[in-house]
Each structure stands twice: as structure tokens, then as C-alpha cells.
Amino acid sequence: MDLTVLLQTVLAGILVGGLYGLIGMGMAINFGVLRIINLAQGELLMVGMYVCFWLFTLWGLDPLLSPVVTIPFLFVLGVVIHRFLLTPLIRARALPENQILLTVGVGLVLTNAALLAFTSNYRTITTGYSASLITLGSIAVSLPAVLAFGIAMLVSSALWLFLMKTDLGKCIRATAQDPDAALLMGVNVERISVITFGIGAALEGAAGSLLVLVYYLFPALGGIFTLKAFIVVVLGGLGSTVGALLGGMVLGLAESLGAVYVSTGYKDAIGFIVFVLMLIFRPAGLVGRARM
Amino acid sequence: MGEMLEVRKLSKYFGGLPALVNVDFTIAPGEIVGLIGPNGAGKTTLFNVITGVFRPTSGEIHFEGKNLVGLKPHDICRLGITRTFQVVKPLPKMTVLENVMVGAFARVGTKEEARAIAVRELEFTGLLPKRDALARSLTLADRKRLELTRALATRPKLILLDEVVAGLNPTETEETIALIQRLPERGIAAVAGVEHVMRVIMTISQRIVVLNYGRMIAQGSPEEVGHNPEVIQAYLGEAYAET
Amino acid sequence: MLGQGRRGWRWVGAILGAVVLLGFPIVVPDVYLQHLAILFLLWVTLGTSWNLLGGYAGQISFGHAAFFGMGAYTSSLLFAKLGFPPWPGMLLGGVAGVLLAVPMGYICFRLRGPFFALSMLALSEFLRLVALNWRDLTEGAVGILLPPFFISKLPYYYIGVALAAATMLATWVLVDSKVGFYLLAIREDQDAAEALGIDTTWYKLVALMASAFFTAMAGSYYANYMAYIDPPIVFSIVDLSIAMILVAVLGGMGTLLGPVVGALVIVTLSEAFRAYFAAAHLIVYGVLIIVAIVFMPEGIVGSLAARGPRWLRPRVATEAPATGTGH
């Protein structure tokens with residue numbers, strides 16, 4: 001086995017894994033606090049990517065700077081979605097499956113609206129540094145991938161600090177641990193839910209800005225990444241943001257290794273295999289939280 | 001011996017937390033045994049372990065000579081042990097009659113047979129007039145009675161009653177006591193788990209088992225147990241708060 | 001007395017419906033409308049079969065496309081590679097669906113609620129990838145092309161009627177039996193059901209197998225009718241798995257007529273929007289889902305049943321004894 005190829009594959013896997021982790025974190029935070037699996041999470045990512053794409057195409061704004069726009073934009077979108085669609089469901093004590101179905105509906109609307117507006121053409125962004133490589137000895141990694149990874153880590157750290165150190169962050173964590181107790185402690189759980197959903201969306205906005213550097217864009221991308229985000233979250237332990245990061249790495253590695261050593265066609269299947277294997281052999285870790 | 005249920009040195013630890021420690025007792029056919037203990041003593045856990053919801057950490061459970069450890073709840077129900085839940089679990093969108101029929105199906109296969117059994121049990125507990133009401137529309141007292149009726153429809157030899165009178169007013173409590181006291185004549189033994197409605201337990205039990213922090217601290221007739229200093233201490237005098 | 005009168009109307013309605021159903025393609029020669037009618041029957045079958053597991057047993061599956069695809073590929077491959085006749089092949093497709101249901105259920109029933117739903121989705125996706133990549137077996141993305149088995153749409157139509165009717169009949173019989181009671185009990189409270197002697201894992205599996213059987217047959221039927229299948233079509237998440245749920249939810253989960261109503265709405269709206277929005281017509285699915293869940297969670301039939309005539313009520317049939325004691 002060629003060591004260079006192995007190292008390169010592992011590195012590539014970790015880099016994209018960091019991005020997967022950021023994408024998964026949005027879903028993890030939604031699940032941890034709201035106990036909602038947002039199946040439109042990938043579609044929010046897609047929206048973020050389109051915003052970034054058009055900012056670049058129309059006004060030349062570099063993707064690495066676009067989080068300044070995509071993060072607040074997606075935050076507002078998330079808040080609107082939750083406030084007007086999910087909050088009524090929660091108030092009516094709807095089944096969790098219904099809440100998930102609702103997010104599926106939202107995702108469908110977003111995907112098809114994008115299809116109507118932007119057609120199904122594949123879009124890519126080419127910046128001055130798109131093709132650049134960083135070489136360490138005989139190993140080469142794509143510069144955009146490294147930059148994306150770096151910023152993903154930055155955003156993750158910022159999120160962690162926010163959750164740990166700020167009052168709002170503590171309210172969010174309190175609601176995640178026990179919504180009833182939080183309510184009794186004076187936390188406006190409904191408002192926190194809306195804000196948290198917005199944060200989850202904002203994370204996808206940030207991730208979208210980064211993903212355009214390494215992935216091509218098309219409306220149906222939402223579905224693909226929602227599934228990836230879910231797998232990441234399940235691998236890492238539901239509701240755990242740190243877990244999502246680790247889960248992202250695992251998925252990224254599995255895909256990368258799978259693509260090189262198994263076959264490119266089955267690359268996506270690797271994620272499912274890992275997921276199913278976890279269900280079979282380590283359901284205790286999942287089932288404990290998964291048994292609602 | 002004639003002992004129907006034998007629990008020997010039963011222990012259940014949740015991680016490091018001891019929920020049950022070396023619990024040891026037997027039930028004879030047709031007996032009514034009271035199971036008392038302060039909040040958190042392990043009564044519900046004991047019921048959960050006996051009925052297979054949890055696997056014991058150590059110890060043995062035998063019912064009519066068969067080992068129960070490792071069996072699923074539905075198997076144990078088929079063997080003849082049924083339980084009611086502390087927080088009642090009606091099947092909300094089904095009617096009272098349908099609820100009880102679900103229980104009856106444990107023994108029969110056709111709707112007609114199940115309906116016949118269900119009607120008989122509903123007559124026994126007095127819920128027949130409400131047979132077409134949706135379970136979720138019932139009051140708490142009726143829900144508890146439905147739970148009992150449904151359990152009886154499974155034709156148990158032993159029924160574990162978890163807080164069967166908690167939340168009932170005195171009249172409802174009296175009615176429930178009367179029902180339970182009629183169980184032995186049907187050949188059904190009962191263990192009634194109760195936290196603090198002492199009068200009920202003292203009235204209906206032939207024998208009482210006392211749990212505290214997962215351990216059995218006393219066992220005997222109501223009089224013996226009522227005067228046991230350790231029991232009184234465990235309850236800190238709250239034992240007779242509700243009479 | 002009153003009950004008998006109502007029951008009389010039920011029979012009249014049923015006979016009238018049967019006449020309309022059977023006479024439709026003869027009276028309406030328009031090929032496009034016949035095609036829509038076939039789609040309607042297909043969705044009645046799919047919605048009803050999903051409803052068996054989702055509405056009655058309470059297990060919401062997001063991955064039923066797996067069975068559809070399994071059925072479609074089984075009968076198509078049997079024909080394409082072995083010359084096996086397509087319509088008996090439909091039955092084998094159904095059997096294949098049942099066989100698939102066993103391992104899928106074994107894996108996914110360890111989880112509850114939304115996690116069950118999503119694990120089914122993941123397995124369905126995995127199956128799609130297998131179909132896509134196992135080219136030697138399935139021809140991969142190229143798909144399988146079948147010859148037209150009938151020139152006229154009429155035979156397809158009547159087979160579709162038979163399939164839909166069989167699915168509904170099976171549901172009706174199942175729900176009205178001990179199994180049906182047990183499935184409802186599992187839906188209402190799985191832990192209580194276990195305590196009452198119900199082997200919940202087994203009965204959930206029974207519901208899944210029955211559901212898979214009809215969904216898979218529908219897949220074979222679709223393949224035989226459309227004469228072309230490929231992985232993105234027959235394993236589609238949105239066009240199949242989600243759409244099936246929408247049909248049942250919109251119409252009314254846990255009711256017999258719900259999927260019929262849902263199928264009607266979906267087919268008509270979907271076709272109407274296809275004309276205006278082309279590829280983006282699925283936006284109507286999204287909107288319908290949102291509308292259904294936020295405003296009408298009981299579905300059309302369910303909402304009507306709560307407010308409307310008794311005969312619409314989605315209850316398990318238990319007749320009160322003719323002479324009641326203690327009235």
C-alpha cells in the first residue's frame with residue numbers, strides 16, 4: 001500500500017470531514033435543543049451556497065468573506081421558518097414524525113423554488129486560488145479545502161464559546177438538558193427554540209460559503225447533504241455538537257478511503273454501511289437517545 | 001411448597017446505582033401481598049424486573065417453576081403475570097371495550113371470543129356502561145379501572161398493581177379495594193405496590209413486604225409490619241399520613 | 001333500526017362506486033385520462049399499503065421506496081433475463097418485497113419513532129446505490145427497458161383496480177382481526193402493548209411485511225406499465241417514499257378511505273402543476289405537506305370523520321351487542 005496515497009486520502013478525508021462536521025452541527029444543535037430532526041437542513045445549506053454563489057457572480061464577493069452575509073441571512077430564514085411553521089406544531093403537541101414531515105415539506109419548497117429560480121444547471125465558483133495546492137513533501141492538498149477546514153474550525157469554536165460562555169448560550173444548553181426545568185427557571189423556551197433553529201440555519205449558511213469552494217452547486221444538493229448531516233449526527237451521538245465534528249470526520253474519512261480503495265460509485269454507500277453497522281452492533285449508544 | 005412466584009436474592013443496579021438489593025420473597029396462589037416503601041424504594045423497579053422490562057443484575061425469579069430472567073414482557077404476560085402501570089397507559093384512541101379486548105386477545109384468537117371476555121371483565125369492574133367511550137375521554141379513576149380491567153382480561157394468575165389507588169378519592173379507593181379483594185376467589189394473586197395510602201394496604205393485604213432503598217427491611221402481617229420500628233423510621237412517621 | 005338504514009346506504013354507495021370504477025375506461029376513451037386513472041389506482045395502492053404500517057401500526061416509514069424498487073427490479077429482471085412472464089412476476093415481486101422487509105425490519109425496529117423513519121430512509125437509499133452500482137445485475141443507471149405488454153390501457157387499468165382493491169381488502173380484513181387490534185395497540189402505546197402479551201417486534205414485522213408486499217407489487221405493476229425503470233425512478237425519496245406518506249397523511253392516516261382521497265388529490269394537483277412548473281412541480285408536494293400537517297393533521301377523511309357523519313369514522317369495527325346489558 002502506497003503510504004503517500006494513504007496519507008493523502010486520510011488528509012483529504014479529514015479536511016472534508018471538518019466541513020461535514022460543521023454541516024452536521026446545525027442538525028445536532030436542532031436535535032439537542034428542540035428534539036427536532038430538521039430534514040431541510042441540507043436545503044438550508046443549499047440556500048447558503050446559492051447566496052454565496054450569486055454574491056460572487058454578481059458582485060465579486062469572495063466566498064471566504066461571504067459568511068458575513070450568509071450567516072445572518074440564513075439565521076433570519078431559520079427564525080422565520082420556525083416561528084411560523086414549527087412553533088404552531090409544537091404548541092399543538094404534534095407528533096415528532098409530523099414535525100419532521102413538515103421540515104421535509106419546507107425542504108421540498110426550498111429545493112423547487114431554487115429549481116424554478118436558478119434552473120438545475122450545475123454551478124461552480126472559480127476564484128484565484130481555486131486550483132492552488134499546498135504541498136508537504138510528496139503530499140498535495142487543495143488550498144480551498146484547507147481554508148474551508150480552517151474556517152469551519154473557527155466557526156465551530158465560536159459556537160462552542162458562545163454556548164459555554166454567553167448567557168444566551170447557557171439558556172440554550174439549559175433548554176437542551178431539560179426544557180421543563182428551563183421553563184421554570186425563567187427561560188423563554190419558545191423564544192430559545194426559535195433562536196436555536198436560526199443558529200442551526202446560520203451554521204448552514206457558514207458551511208455553504210465554505211462548501212462552494214470544494215463542491216458544485218445544484219438545487220437537489222439539499223437532499224444529499226441532509227442525509228449526510230443526519231448520518232454525521234447519528235455517528236457522533238445525537239445532540240452533541242462535538243460529536244457532530246467527530247462524526248463528520250468519520251464520514252469524511254470513510255468516504256475518502258472508500259472512494260480510493262473501494263470504488264467511486266459506492267462512495268456514498270459507505271456512509272450508509274457505516275450507519276447501518278452502527279445500528280446493528282452499537283445500538284445501545286444510539287437507542288438510548290433514539291428511543292423517544 | 002405451593003409457592004407460585006419465587007424471587008431470590010434479586011438485585012438490580014443501574015450503573016452504580018442500587019435500585020434493588022438482595023430482595024427475597026415468595027407469593028402463593030391467590031394471595032394478596034402488599035408492597036410498600038417510601039418514594040424511590042424500588043417498588044416499580046421490582047415490578048419492571050419481574051415483568052421483564054429490565055433484566056436483573058443478579059438473582060433469580062421463578063414463576064410456577066419456570067425461570068423468568070431473560071424473558072420478554074409479552075412472554076411473561078403469557079405465562080400469567082400481568083401488571084398495571086403507575087402512570088396509567090390507556091390506549092387513547094381506542095374505546096374502553098377495544099382496550100379490554102386487546103388484553104383478552106392474549107388468550108383467544110377471534111374477535112367474538114375476545115369481546116365476550118372483555119364484556120365479562122367490564123361487568124366485573126363496573127365499566128360496562130362506558131364501553132364505547134374513547135379511553136382518552138375517561139377520568140383518572142376510570143382510567144385506572146380500565147387498566148385493571150384490561151389486565152384482568154389477560155387471565156393472569158398474578159397481577160402486579162403499581163399505585164393502583166394513587167390519585168383516587170375515598171369512594172373510588174373503596175371501590176378499588178373491593179375489586180381487589182374479590183381477586184383471590186377468582187384464583188388471582190395480587191401484589192399491590194403502594195407508597196403512602198396505608199389504610200388500603202393494611203385492609204387488603206394478607207402479608208406485607210417493605211422496601212427501602214432497594215432492600216427488603218421487613219416482611220410479615222400488617223400488624224407486625226405496622227409496628228416494626230425500622231419501617232416506621234423509613235417513613236419518618238408519614239406512614240399513616242393518609243388514612 | 002337506524003344502523004341498518006345507514007348500512008343500506010353504505011351498500012348502495014359501494015355498488016355505485018364499483019360500477020363507476022369498472023366502467024370508467026370503457027366510457028372514457030381518452031388515453032391521457034385513462035393514464036391518470038391508472039396513476040390514481042397506483043397511488044391508492046401505495047397509500048393504502050403504507051397506511052397499513054404507518055396509520056394503523058403507527059410506524060412511520062420514510063423508506064418505502066425500497067420495496068417499490070425491489071418489486072420493480074425483481075419482476076423486470078426476471079422477465080428481461082429469464083423470460084419470466086410479467087404478471088406472475090408481479091406476485092414474485094411482492095414476495096421479494098416481503099423478503100426484503102425481514103432484514104430491514106430487524107435492523108430498523110430497534111429504533112422508535114422518527115429514528116425508525118429515518119433508518120428506513122437510509123436503507124432505502126443504500127438499496128438505490130446498490131441498484132445503481134451493481135451493473136452486472138441491474139444494468140445500473142442504464143435501467144431496464146421492457147416491451148409493452150398491452151397496447152390498450154384497459155388491461156393495465158383493470159389489473160390496477162384489482163391491485164388497489166386487493167390492498168384495501170387486505171387492510172380491511174387485517175385491521176378487523178386480532179392482528180389489527182394488536183397493531184392499533186402498538187400504535188397507541190407500545191410499552192402497554194408489550195405488557196399485555198403482545199410480541200411487538202413480531203407484529204410490527206407482520207405489518208411491515210404486509211405493507212412491503214403490496215408496495216412491491218405496485219412497483220412491479222409500475223414497471224410493467226411504464227416499460228422502463230432505473231434506480232432514481234423506482235427508489236426515489238420524494239416521488240415515492242415521501243409521496244406515499246403525503247397520500248396517507250393528506251387523506252387521513254389510519255382510515256380506509258383516506259389514501260383514496262389522498263391519491264385523488266395528489267394525482268390531480270400533481271398533473272395540474274406539472275403543466276405549469278415542469279420540473280419544479282414537486283413544489284406542490286412541499287406546499288401540500290405543510291398545509292396538511294399544520295392545518296389538517298388528521299387528514300381530510302379524519303377531519304371529516306371528527307365532524308361529519310358516523311359512517312366515515314375510522315374506528316375498528318366492533319358492533320355493540322344487540323341487547324346490551326347495563327345501558
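# Questions about a predicted three-chain model

Guide: The largest nonpolar core has 283 residues, and A:L19, B:A192 and C:L246 touch the most other members. This is a predicted model, in which local features need pLDDT of at least 70 and side-chain atom pairs count only at pLDDT 80 or more, while totals for chains, interfaces and linings use all residues. Residues are numbered from 1 along each chain as its sequence is written, and chains are lettered from A and ligands numbered from 1 in the order in which they are written.

Visitor: What makes a set of residues a nonpolar core?

Guide: The set must consist of buried Ala, Val, Leu, Ile, Met, Phe, Trp, Tyr and Cys residues joined through C-beta atoms within 7 Å. A residue is buried if 20 or more other C-beta atoms lie within 10 Å of its own, exposed if 12 or fewer, and partly exposed in between, with C-beta atoms placed from the backbone.

Visitor: Which residues is C:L246 in contact with, leaving aside its neighbours within four places in sequence?

Guide: They are C:G262, C:I266, C:Y285, C:L288 and C:I289. Two residues are in contact if their C-beta atoms, placed from the backbone, lie within 7 Å.

Visitor: Why are α2(C) and α13(C) called oblique to each other?

Guide: The axes of α2 (residues 31–56) and α13 (residues 258–277) of chain C come within 8 Å and cross at roughly 135°. Angles under 35 degrees count as roughly parallel, over 145 as roughly antiparallel, 65 to 115 as roughly perpendicular and the rest as oblique. The two helices are therefore oblique. Axes here are lines fitted to C-alpha atoms, for helices over the stretch in contact, and angles run from 0 to 180 degrees between N-to-C directions. Helices (H or I, at least four residues) and strands (E, at least two) are DSSP runs, numbered from the N terminus.

Visitor: Which residues make the contact between α2(C) and α13(C)?

Guide: Among them are C:L36, C:F40 and C:W43 of α2(C), and C:G262, C:I266 and C:E271 of α13(C). The residues of this contact divide into 11 nonpolar, 5 polar and 1 charged. Ala, Val, Leu, Ile, Met, Phe, Trp, Tyr, Cys and Pro count as nonpolar, Asp, Glu, Lys and Arg as charged, and the others, Gly among them, as polar.

Visitor: Which chains share the most contacts?

Guide: Of the 2 pairs of chains in contact, chains A and C do. In that pair, 38 residues of chain A are in contact with 35 residues of chain C. On the chain A side, α4(A) gives the most, with 15 residues. That side divides into 29 nonpolar, 6 polar and 3 charged residues.

Visitor: How many residues of chain B are in contact with chain C?

Guide: 25 residues of chain B are in contact with 20 residues of chain C. The chain B side divides into 12 nonpolar, 5 polar and 8 charged residues. Chains A and B do not touch, and their nearest C-alpha atoms are 14 Å apart.
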